[in-house]
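Please look over the sequence and the structure that follow.

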Amino acid sequence: MCKSAFIFNQFWKIICAMICLTALFCFFVLDSPRNVSVSISPSGVIVEGYSVTLNCISDSNPPAEISWIKGGTFVGSGRIFSISKISSDDSGEYKCKSINEHGEKYSDTVTLNIMYPPRSVSVSISPSGVIVEGDSVTLNCTSDSNPPAEISWFKGGR
């Protein structure tokens, strides 16, 4: 009865269109993944020791399987990729891959830039060996931190 080519009465055309639009079985569009993107929670600055969640958003029918890639290496699967107690080792570029039997698509890359305080602080002196009064020396202070640490020098604890 819903074949509009055989229905000439305008009233029945409208009723049939309404029924087809509200019925779940009228039609299904099978589709490869599209509109693939990644959201990061929390947004903003990511501090070492906290938790971070990456969420892959993808439109497809049937629903896509999701894989996570960090710098070219598979790191997980599922729509949500969580990292608890994030560390500087987790810094890098991430993207998700959305795939179903009709195709695949990658999200744009997102960068996790993990902030952490100075560590591995060391001081070196050049030249090494015996130093005689009046010699020139160079002191070099290095540390690992993000953002890079500001270095201050003190003599005799002041």
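## Aromatic rings and a buried serine

At 2% relative accessibility, Y94 counts as buried, where buried means under 20% relative accessible area, exposed over 50% and partly exposed in between (1.4 Å probe, protein chains only). The model is predicted, so that local features need pLDDT of at least 70 and side-chain atom pairs count only at pLDDT 80 or more, while totals for chains, interfaces and linings use all residues. Residues are numbered from 1 along each chain as its sequence is written, and side-chain values use heavy atoms, with hydrogens and water left out.

| Residue | Relative accessibility |
|---|---|
| F81 | 14% |
| Y94 | 2% |
| S98 | 0% |

A search of the whole structure finds 2 aromatic pairs; rings of Phe, Tyr and Trp (its six-membered ring) pair if their centres lie within 6.5 Å, and planes under 30 degrees apart count as stacked, over 60 as edge-to-face and the rest as tilted. F81 and Y94 form a tilted pair, with 6.2 Å centre to centre and 40° between the planes. W68, F81 and Y94 form one aromatic cluster.

S98 lies in strand β7, strands (E, at least two residues) being DSSP runs numbered from the N terminus. The side chain of S98 makes a polar contact with the side chain of S58 at 2.6 Å; such a contact is a pair of N or O atoms within 3.5 Å, where, within protein, one must be able to donate a hydrogen and the other to accept it, and residues adjacent in sequence count only if both atoms are side-chain atoms.

Note on methods. Helices (H or I, at least four residues) and strands (E, at least two) are DSSP runs, numbered from the N terminus.
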